[in-house]
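Biologist: Could you walk me through this model?
Modeller: Gladly; here it is, and we can begin with its surface.

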Amino acid sequence: MIHRKTASSPSSAPASVQSSVVARLPAASRLFVLDTNVLMHDPTSLFRFEEHDLYVPMATLEELDNNKKGMSEVSRNARQASRYLEELIGRGEDDIALGIALEARGDKTATGRLFLQTEAINGELPARLASGKSDNQILGVVKHLQEIHPKRQVILVSKDINMRIKARALGLSAEDYFNDKVLEDTDLLYAGARKLPEDFWETHGKEMESWQQHGQTYYRVRGPLCAQLLVNEFVYLDAEPPFYAQVKEVSGRTAIFVTLRDYAGQRYNVWGITARNREQNFALNILMNPQIDFVTLLGQAGTGKTLLTLAAGLMQTLEHKTYTEIIMTRVTVPVGEDIGFLPGTEEEKMNPWMGALEDNLDVLNKTDDEAGEWGRAATRDLIRSRIKVKSLNFMRGRTFINKYLIIDEAQNLTPKQMKTLITRAGPGTKVVCLGNIAQIDTPYLTEGSSGLTYVVDRMKGWSHSGHVTLTRGERSRLADYAAEAL
């Protein structure tokens, strides 16, 4: 499979050298010219083009240099891309104009060569395009490369939609960078729950074994569907009574199911909250399971992701004493215009981003009707003392021990940021990621390349992780109708 999401730029060697390079390179390999935003999005993109060649224009290097300062993820990626380039050039024994073998870094999957712009290039572009703008300089390089390599496919790779539109308007090939996509179609994303066929017990129950353990019923079933199941996946049958279970083990055509605790009734309420639908029941079963260290909950607004997670966190922190405190964080990407710098401590600066936390705490604080006004005020103070709000910017180097870590709006994280956060977890820590991949506010991230999509796909089937996609809104009839109609 060819990964086609990077930009390439023409080589700037003398004509005699260029002709020899063209003669040595297979006609089938493409020449990708890289835009700066590709390298700043994924520094390893240099090694993601298999047998194809890469070209890095001088304008791309200039933009990398301009973005290298700071502590943001973009700045870190710019510095890492520069380090990769320096390492390649430092090891390269050949003349830069002849191209540098990407295998030199030890990555055997990248068999192409890297070309850097070594001379001034004046590609003829329409006069209305400002020549001083970096994007237009890169387009000029692509046009020049196309002219001197007529037999090769020269393609600009850019994460910038307008850049790709301009390139195509000028008759140049341009593509997005696809290598960071986990899935081509997010409809294929693991849902965490599977409806069993109506004839499941007829086809899989002939040699069924069942037993009781710790108040739950276990079933060992055999059949063709078992091979498709994943550990900790939920399975259900809408019969009378309904059958809800979780997959505990899978071995070939054999699987072990365990029945779920019913959180829909008041007997097993979680901080006064009960499950209002099947998926919420599934979510509470993994949130309240201390054996599951990593939980992902997907769903549109109003499905109850934050409320269920906070209720489970408070129950296990204040009642069961499983965790010492709740830590909540989220990406500070504003939906509207940014409101500028905020005064106060780290927690006070994060408060405007934590409206969802306050709203849900109000709901949870009203669940005890017998406590009275004084009791509720005392409970509110106790809850606030156990919940810490942290900024993502200061997470590097931290280690959280026996904490309940909630990452809200996780769809706005890149896969690298997600890895940085999850690896902060120390012994006894549970990490819960919440998000809606249909509401991504970060530039250059899509549903397929979001860090949330990435972890759902990579962590599925691990015995200590669980995932549920919540589908039914429970906020209000107005919110449900608006989500569908607007």
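**Surface and helices**

Modeller: The protein exposes about 23900 Å², of which carbon and sulfur atoms supply 50%, the areas coming from the Shrake-Rupley method with a 1.4 Å probe. This is a predicted model, in which local features need pLDDT of at least 70 and side-chain atom pairs count only at pLDDT 80 or more, while totals for chains, interfaces and linings use all residues. Residues are numbered from 1 along each chain as its sequence is written, and side-chain values use heavy atoms, with hydrogens and water left out.

Biologist: What share of the 486 residues is buried?
Modeller: Buried residues (under 20% relative accessible area, 1.4 Å probe, protein chains only) make up 48% of them.

Biologist: Why is helix α8 described as largely enclosed?
Modeller: Because 9 of the 10 residues of α8, residues 278–287, are buried, the rest of the structure largely encloses this helix; among them are F282, L284 and I286. Helices here are DSSP runs of H or I with at least four residues, numbered from the N terminus.

Biologist: Which residue caps the N-terminal end of α8?
Modeller: N277 does, with a side-chain oxygen 3.2 Å from the backbone nitrogen of E279.

Biologist: Switching topic, at what angle do α13 and α14 pack?
Modeller: Helix α13 (residues 415–422) and helix α14 (residues 451–459) pack at about 65°, their axes 8 Å apart, where axes are lines fitted to C-alpha atoms over the stretch in contact and angles run from 0 to 180 degrees between N-to-C directions.

Biologist: Which residues meet there?
Modeller: P415, M418 and I422 in α13 meet G451, L452, Y454 and V455 in α14, contact meaning heavy atoms within 4.5 Å.

Key:
Buried < 20%, exposed > 50% of the residue type's maximum accessible area, 1.4 Å probe, protein only. Helix = DSSP H or I, 4+ residues; strand = E, 2+ residues; numbered from the N terminus. Polar contact = N/O pair within 3.5 Å; in protein donor to acceptor, adjacent residues only side chain to side chain.
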